[in-house]
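Dear colleague,

I am handing over the structure below, and after it I set out what was found in it. Please read the notes with the model open beside you.

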Amino acid sequence: MAMMRFPTMAEVEAADREQLCRWWRFLPGGVTDEQKPIMDRLAERFTEVGGFTPEISKGIGWGRA
């Protein structure tokens with residue numbers, strides 16, 4: 001599986017729940033100083049939209065970003 005490209009702040013702001021969940025599951029854990037504010041906002045939005053549902057989790061799976 002290819003590494004997922006890190007989103008921009010604008011992409012995080014515009015993303016729907018499924019996309020936020022994909023990033024939450026598949027983005028690499030280590031972030032740079034430049035990426036940290038984006039990851040912090042992604043975490044906020046992920047929580048705001050309610051995170052995973054069983055359906056989203058199953059639909060996304062573990063092996064396809």
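Axes here are lines fitted to C-alpha atoms, for helices over the stretch in contact, and angles run from 0 to 180 degrees between N-to-C directions; helices (H or I, at least four residues) are DSSP runs numbered from the N terminus. This is a predicted model, in which local features need pLDDT of at least 70 and side-chain atom pairs count only at pLDDT 80 or more, while totals for chains, interfaces and linings use all residues. Residues are numbered from 1 along each chain as its sequence is written, and side-chain values use heavy atoms, with hydrogens and water left out.

Contact (heavy atoms within 4.5 Å) is made by Leu 20, Cys 21, Trp 23 and Trp 24 on the α2 side, and by Met 39, Leu 42, Ala 43, Arg 45 and Phe 46 on the α3 side.

Leu 20 deserves a separate look. With a relative accessible area of 0%, Leu 20 is buried, and, leaving aside neighbours within four places in sequence, it is in contact with Val 12, Ala 15, Leu 42, Arg 45, Phe 46 and Val 49. Leu 20 is also among the residues with the most contacts inside the largest nonpolar core, which has 15 residues, the others being Val 12, Trp 23, Leu 27 and Leu 42; such a core is a set of buried Ala, Val, Leu, Ile, Met, Phe, Trp, Tyr and Cys residues joined through side-chain atoms within 4.5 Å. At least two residues of this core come from each of α2, α3 and α4 (54–60).

Finally, Met 9 lies in helix α1 and, at 32% relative accessibility, counts as partly exposed. Not counting residues up to four places away in sequence, Met 9 touches Pro 37, Ile 38 and Arg 41; Met 9 and Ile 38 are 29 residues apart in sequence, yet 5.4 Å apart in space, C-alpha to C-alpha.

With best wishes

Note on methods:
Buried < 20%, exposed > 50% of the residue type's maximum accessible area, 1.4 Å probe, protein only.
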